[in-house]
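Please read the points alongside the coordinates.

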Amino acid sequence: MVNTNVTLSGIMLDNPVIPASGTFGYGYEFAELYDINILGSFSCKGTTKEPRFGNPTPRIAECSSGLINAVGLQNPGIDKVISEELPKMRQCFHKPMIANISGFSVEEYVYCCERMDKQDQVGIIEVNVSCPNVHHGGMTFGTTPEAAAEVTKAVKAVTTKPIYIKLSPNVTDIVSIAKACEAAGADGISLINTLMGMRIDLKTKRPVIANKMGGFSGSAIFPVALRMVYQVAEAVKIPVIGMGGVSSAEDVLEMMLAGASAVQVGAANLVDPFACKNIIEQLPIVMQRYGITNLQDIIGGART
């Protein structure tokens, strides 16, 4: 018998498999396909203060072993998420969920995090610092240690629940940014968000995506994500949630050996809506194959 339980900031999860933000909506569509309570948790669609229609279409481009998306944080805004989406989600998911928050100013992050902190369903708040800072020429908050730390410190001042900062890989030194977030009070780190990529249509000779460039995700980015998780987990003392190209139970074990305490599954959900269910069902089998009886015991095992 194997034990798939893991702990994130004092919250016990039945397993480490968590659908990533933006790939699982608010859960209830997937609940029509299977009982989503088998998930460890899930990170809801990125939420901003105001409603966002998102970027113009087309927003998706296929690639070998992955896809590029430029959805643009489409969401109904935090008021409707709290008044409409969370109550619907409560009907089908009965565990603590992860609220993903995005913002275009420190004030917006603070406003949204403070409101989400008061919701009983929320166990962890995941703060996406890959958004452009409208007050500083559009440079994303996650590109410098100082900006990421500023957001971290500000949201920690108005919340009581664990704050996990979701980092962008599109930087020179992700470790310094993670350490700055830890020093500013972050309870955990989520990484990585998507890499930047693009495709060009040979018939039209124009970019496939209306936004020209978008976030590249899928199994092709897994080695990059694994490397960054390894580096960050080695440098900080707070938990790390690993993500980026995870599509199998074997990938989950690799991420945990690199230092992740839990793992998010993103693009795989868009290819196969049963991806997380399949990974959870395969996890005990793969653990037995590799002589692993307790997942908690292998966290960071590749570094020892």
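The points below take the pockets first, then the cavity and the sheet.

1. The model under discussion is predicted.

2. The largest pocket has a volume of about 1,200 Å³. Its lining comprises 45 residues, and those closest to its centre are Asn-69, Leu-73, Asn-193, Thr-194 and Gly-215. Two or more lining residues come from each of strand E5 (66-69), strand E13 (214-217) and helix H8 (267-271). Strand E13 makes the largest contribution to this lining, with three residues.

3. By residue class, the lining of the largest pocket consists of 16 nonpolar, 26 polar and three charged residues. A colleague setting up calculations on this pocket may wish to keep that division at hand.

4. The second largest pocket holds about 180 Å³ of space. It is lined by 14 residues, of which Ser-219, Ser-247, Ala-267, Ala-268 and Val-271 are the closest to its centre. At least two lining residues are supplied by each of E5, H8 and helix H9 (275-289). The most, three residues, come from H8. The lining divides into six nonpolar, seven polar and one charged residues.

5. One cavity of 30 Å³ or more is present in the structure. The space in this largest cavity is about 50 Å³. It is lined by Leu-8, Ile-11, Leu-13, Ser-41, Pro-96, Met-97, Ile-98, Gly-123 and Ile-124. Seven of the lining residues are nonpolar and two are polar, with no charged residue.

6. Which strands each supply at least two residues of the lining of the largest cavity? They are strand E2 (11-13), strand E6 (97-101) and strand E7 (122-128). Strands E6 and E7 run parallel and are joined by five bridges. Ile-98 has Ile-124 in E7 as its bridge partner, and both Ile-98 and Ile-124 line the cavity.

7. Strands E6 and E7 also belong to an open sheet of seven strands, ordered E3-E15-E14-E9-E8-E7-E6 with parallel pairing. Its edge strands, strand E3 (17-19) and E6, each pair on one side only. On average, neighbouring strands of this sheet are turned by 25 degrees against each other, direction ignored.

Conventions. Residues numbered from 1 in each chain as written. Predicted model: local features only at pLDDT ≥ 70, side-chain atom pairs only at ≥ 80, totals over all residues. Heavy atoms only, no water. 1 Å grid on protein atoms, 1.4 Å probe; cavity = no way out; pocket = protein on both sides within 12 Å on 5 of 7 lines; lining within 4 Å. Points joined across faces, edges and corners; volume = space filled by probe spheres on them. Helix = DSSP H or I, 4+ residues; strand = E, 2+ residues; numbered from the N terminus. Nonpolar A, V, L, I, M, F, W, Y, C, P; charged D, E, K, R; others polar. Pairing = 2+ DSSP bridges. Axes fitted to C-alpha atoms, helices over the stretch in contact; angles between N-to-C directions.
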